[in-house]
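Hi everyone, thanks for making time. Let me put the structure up, and then I'll walk you through a few spots.

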Amino acid sequence: MPRQQNRRAVIRVTEVLVHLALLDDDRIDPLDAWIHRRLASVHPEIREEALVRIRIVRHGGSRRRPRSTTTVRNQATAIPFLLACSQRYRTLRQVSRADITEWLARCAAPHTEAVALRDMFKTLKSERLLFATPPGRGMSLGSRSSSVPMPLSPETIQRLTAAGETNPALKLLIALVGIRALYPHQTRALPLTAIDFTRGRLTLGDIDHPLDAFTRQAAVDYIHLRHQRWPHTCNPYLFISSQTSRGPNPRRGRCHRR
């Protein structure tokens with residue numbers, strides 16, 4: 001299978017084997033490998049303490065449910081702090097409140113760092129790896145840094161426009177996100193029926209926008225391509241791929257026909 005040039009076919013075969021319970025997946029967990037690479041330079045004892053917390057975030061505990069892969073990766077914001085601690089200490093039990101305060105004063109996003117550190121020490125306390133009061137307990141998290149949208153440069157706009165002329169899907173995405181200001185999750189959840197050419201409207205829940213000329217033409221071009229490429233798909237969503245075209249899910253799935 002690794003010799004196959006078509007990676008999509010390999011993925012599809014793997015899905016079928018999993019569905020039939022015929023696949024013994026012995027591949028290395030990529031997230032686990034990523035975590036160990038990031039912690040490679042951390043002091044061994046501090047690394048083990050950090051892994052206790054990461055395992056609970058990944059797999060849950062007696063009073064905590066497992067979190068998503070994105071949440072686990074976000075926990076990596078504490079790794080630079082662990083690296084700094086490794087230069088001074090051999091265990092997180094030696095970290096003081098002053099160490100955290102000093103670290104947060106140098107951070108570009110202190111609120112995010114403070115949340116991650118407070119949760120880490122709270123978890124270690126609950127697992128009885130800390131015996132004193134967690135150094136982050138009661139610490140003010142400060143205000144969350146606000147993000148100000150930055151305008152696209154003229155060069156970026158020109159490149160996007162040029163790429164959209166040869167890629168109908170990208171052109172429609174530019175229209176929906178750049179003109180209609182839809183969020184990515186809203187764009188992904190758009191059903192095919194959201195584009196109403198009769199009324200000239202784009203509708204999705206509370207969203208009800210008129211179709212401007214650019215968005216209308218982009219939708220016509222993409223839907224024409226969609227029908228040509230996947231004429232028999234049962235996926236009701238607007239944006240689909242060679243994988244999702246086989247099922248009713250916006251990400252991946254299978255059609256169940258009778």
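On the surface, V16, L20 and L22 form a nonpolar patch with about 280 Å² of accessible area together. Patch residues have over 30% relative accessible area and no salt bridge, and nonpolar side chains are joined within 5 Å. A salt bridge would be a Lys or Arg side-chain nitrogen within 4 Å of an Asp or Glu carboxyl oxygen. Areas are Shrake-Rupley values with a 1.4 Å probe.

Please remember that this is a predicted model: local features need pLDDT of at least 70, side-chain atom pairs count only at pLDDT 80 or more, and totals for chains, interfaces and linings use all residues. Residues are numbered from 1 along each chain as its sequence is written, and side-chain values use heavy atoms, leaving out hydrogens and water.

Now to the aromatic rings: how many aromatic pairs does a search of the whole structure find? There are 2, where pairing needs ring centres within 6.5 Å; planes under 30 degrees apart are stacked, over 60 edge-to-face, the rest tilted. F81 and W103 sit edge-to-face, 5.8 Å centre to centre with 70° between the planes. F81 belongs to helix α5 and W103 to helix α6, so this pair ties together parts 22 residues apart in sequence. Helices here are DSSP runs (H or I) of at least four residues. Both F81 and W103 are buried, meaning under 20% relative accessible area.

Y222 and F239 form a tilted pair, at 5.1 Å and 35°. Y222 is buried at 3% relative accessible area, and F239 also counts as buried, at 15%.

How values were computed:
Patch = residues over 30% accessible without salt bridge, like charges linked within 9 Å, V, L, I, M, F, W, Y side chains within 5 Å. Phe/Tyr/Trp six-rings, centres within 6.5 Å; stacked < 30°, edge-to-face > 60°. Helix = DSSP H or I, 4+ residues; strand = E, 2+ residues; numbered from the N terminus. Buried < 20%, exposed > 50% of the residue type's maximum accessible area, 1.4 Å probe, protein only.
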